[in-house]
Amino acid sequence: NNNITDIENLKSEVDNLEIKQDKLVVFGDSWSDLEVPDSIWSTTLASELNLNLISYAKDSSGFVEPSTNLISTQVANFNASDVLKDTVKYIVVMGGINDYNNGVTAYNLYEEIKSCLDTLQSICPNAKILYVSNCKYPYTKNQLDYWYQVHNAVLKYNSLNLINKIGLPLF
């Protein structure tokens, strides 16, 4: 009887040591900014996954351009925040179209995306990270090639290329 009580106490203590990963953290531009009326994917996803959403996304952000509104600043703000980093289950970084529209090369964009993702991985080593590129309509061969180059270079991380995955009605 004493052993059963000891085992139950031990189980309770071990359960208390487990860190609950209950957060989805999002970085990006207007496609993820909660202040943009049609940007609902992150709230829908968090609800579906039963996670608490924390969004740092800001309209018109980029990785390289515009240099006054960088996604790396969002990452730095997250790092400086009091969010318990061990409780982050998923991180989604969505962006790149503002860089594309400002003439940033695919290589320079990839380098900055990789830097942000590497930083996030070091801050939240237990979180799963996804990079999602956004795009503009109509699709062009140049844009298709650009996003292919970016995603081909982000091999270390999971990524999703939205070009040809969404159509005109969503734009």
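The protein chain in this predicted model has 6 helices and 5 strands, where helices (H or I, at least four residues) and strands (E, at least two) are DSSP runs numbered from the N terminus. Their order along the sequence is α-β-α-β-α-β-α-α-β-α-β. The C-alpha trace spans about 75 × 30 × 25 Å along its principal axes.

A word on conventions. Residues are numbered from 1 along each chain as its sequence is written, and side-chain values use heavy atoms, with hydrogens and water left out. As the model is predicted, local features need pLDDT of at least 70 and side-chain atom pairs count only at pLDDT 80 or more, while totals for chains, interfaces and linings use all residues.

Of the 171 residues in the chain, 39% are buried; buried means under 20% relative accessible area, exposed over 50%, and partly exposed in between, with a 1.4 Å probe and protein chains only. Contacts, defined as heavy atoms within 4.5 Å, were also sorted by sequence separation: among those with a separation of 6 or more, 74% are between residues 24 or more positions apart.

I turn to the core. A nonpolar core is a set of buried Ala, Val, Leu, Ile, Met, Phe, Trp, Tyr and Cys residues joined through side-chain atoms within 4.5 Å. The largest one holds 42 residues, and Phe27, Phe78, Ile91, Val93, Trp147 and Val150 touch the most other members. Two or more residues each come from β1 (23-28), α3 (71-80), β3 (88-94), α4 (97-101), α5 (106-123), β4 (128-133) and α6 (141-153). The greatest share is that of α5, with 8 residues. Beyond four places in sequence, Ile91 touches Val25, Phe27, Leu120, Cys124, Ala127, Lys128, Ile129 and Leu130.

Next, the largest pocket. On a 1 Å grid over the protein atoms alone, a pocket is an open set of points where a 1.4 Å probe fits, with protein on both sides within 12 Å along at least five of seven lines; lining residues have an atom within 4 Å of a point. The lining comprises 21 residues, and Trp31, Asp38, Trp41, Met94 and Leu162 lie nearest the centre. At least two lining residues come from each of α2 (41-49), β3 and β4.

Which residues does Asn161 contact beyond four places in sequence? They are Ser133, Trp147, Tyr148 and His151. Asn161 is found in strand β5 (residues 158-161) and is buried, at 17% relative accessible area. Its side chain makes a polar contact with the side chain of Ser133 at 3.4 Å, a polar contact being a pair of N or O atoms within 3.5 Å, one able to donate a hydrogen and the other to accept it, with residues adjacent in sequence counted only if both atoms are side-chain atoms. A polar atom of the Asn161 side chain also lies 3.1 Å from the backbone nitrogen of Ile163.

Finally, the backbone. Most residues other than glycine have a negative phi, and most peptide bonds are trans. Here, a cis peptide bond joins Glu65 and Pro66, with omega about 0°, and Pro66 is in the loop between β2 (52-55) and α3. Another cis bond joins Tyr137 and Pro138, with omega about 5°; Pro138 lies between β4 and α6. Asn50, in the loop between α2 and β2, has a positive phi of about 55° and is exposed at 68% relative accessibility. Ser60 has a phi near 70° and is partly exposed, at 38%.
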